[in-house]
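Here is a short briefing to read beside the sequence and the 3D view. Please keep both open as you go.

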Amino acid sequence: MAIEERIRFFRKMRGMTQKYLGMLMGFPERSADVRMAQYETGSRTPKADLTRALANAFEVSPNALTIPDIDTDIGLMHTLFALEDLRGLTIGKLDGEICLRLDKSRGITYLSMFEMLSAWEEQAEKLKAGEITKEDYDRWRYTYPEMKAQQTRDRLDALRTAAKDTEA
């Protein structure tokens with residue numbers, strides 16, 4: 001999904017009008033909706049500072065807005081090919097099913113990807129088990145890695161508190 005579609009997606013998800021979002025971005029009231037429409041149709045592309053401001057308004061990571069264009073099957077395939085080249089993602093079969101795998105020989109790249117995918121799988125399992133809501137799951141996905149970092153801080157704080165309690 002291209003950035004213009006992501007802007008529209010998150011704007012609607014947050015229940016914002018184009019005019020409201022445009023004014024929030026600092027555009028004059030008389031042209032705020034027109035400017036946002038230009039970004040949503042792709043006739044204008046937001047610069048990095050506006051992309052960060054939009055992400056902030058949507059409460060998502062800027063990376064959630066600037067993901068590669070995967071709207072077409074060919075675009076998706078080339079994204080997967082790039083992941084093969086850059087991250088060691090490989091394709092194979094497991095029990096007759098096509099699956100994507102990480103190449104363990106990639107060392108630190110493998111470990112980094114393994115940690116990220118494991119975090120995703122953990123959240124997906126929590127959603128499946130009813131431990132979190134779809135809204136919680138989406139919040140985690142759209143703010144990744146910020147939400148993951150906060151969860152890690154929360155766990156560390158809990159461990160510190162428990163350690164202090166056992167010392168006392």
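Is Gly75 buried or exposed? Gly75 counts as buried, at 16% relative accessibility. Buried means under 20% relative accessible area, exposed means over 50%, and partly exposed lies in between (1.4 Å probe, protein chains only).

This is a predicted model, where local features need pLDDT of at least 70, side-chain atom pairs count only at pLDDT 80 or more, and totals for chains, interfaces and linings use all residues. Residues are numbered from 1 along each chain as its sequence is written, and side-chain values use heavy atoms, with hydrogens and water left out.

**Overall make-up**

- The chain has nine helices and two strands. Helices (H or I, at least four residues) and strands (E, at least two) are DSSP runs, numbered from the N terminus.
- Read from the N terminus, the order is α-α-α-α-α-α-β-β-α-α-α.
- The chain has a radius of gyration of 20 Å, whereas a compact globule of 168 residues would have one near 15 Å. This radius is taken over C-alpha atoms, and the globule rule is 2.2 Å times the number of residues to the power 0.38.
- Along the principal axes, the C-alpha atoms fill a box of roughly 60 × 55 × 30 Å.
- Of the 168 residues in the chain, 26% are buried.
- Take the contacts in the chain with a separation of 6 or more: 40% of them join residues 24 or more positions apart. Contact means heavy atoms within 4.5 Å.

**Helix α1 with helix α4**

- Helix α1 spans residues 3–13 and helix α4 spans residues 48–58. Their axes come within 10 Å and cross at roughly 25 degrees. Axes are lines fitted to C-alpha atoms, for helices over the stretch in contact, and angles run from 0 to 180 degrees between N-to-C directions.
- α1 and α4 are therefore roughly parallel to each other. Angles under 35 degrees count as roughly parallel, over 145 as roughly antiparallel, 65 to 115 as roughly perpendicular and the rest as oblique.
- Ile3, Ile7, Phe10 and Arg11 in α1 meet Thr51, Leu54 and Phe58 in α4.
- By class, this contact of α1 with α4 has five nonpolar, one polar and one charged residues. Ala, Val, Leu, Ile, Met, Phe, Trp, Tyr, Cys and Pro count as nonpolar; Asp, Glu, Lys and Arg count as charged; the others, Gly among them, count as polar.

**Helix α1 with helix α3**

- α1 also packs with helix α3 (residues 29–41), at an angle of about 125 degrees and with the axes 6 Å apart.
- That angle makes α1 oblique to α3.
- From α1, Glu4, Ile7, Arg8 and Arg11 make the contact, and from α3, Met36, Tyr39, Glu40 and Thr41.
- The classes in the contact of α1 with α3 are three nonpolar, one polar and four charged residues.

**Helix α8 with helix α9**

- Helix α8 (residues 134–143) packs with helix α9 (residues 146–167) at about 110 degrees, and their axes are 6 Å apart.
- α8 is thus roughly perpendicular to α9.
- Arg139, Trp140 and Thr143 of α8 meet Glu146, Met147, Lys148 and Gln151 of α9.

**Two buried residues**

- Thr51 lies in helix α4. Thr51 is buried, with a relative accessible area of 7%.
- Leaving aside neighbours within four places in sequence, Thr51 is in contact with Ile3, Pro46, Pro62, Leu65 and Thr66.
- Gly75 is found in helix α6 (residues 73–87). Not counting residues up to four places away in sequence, Gly75 touches Asp69 and Ile70.
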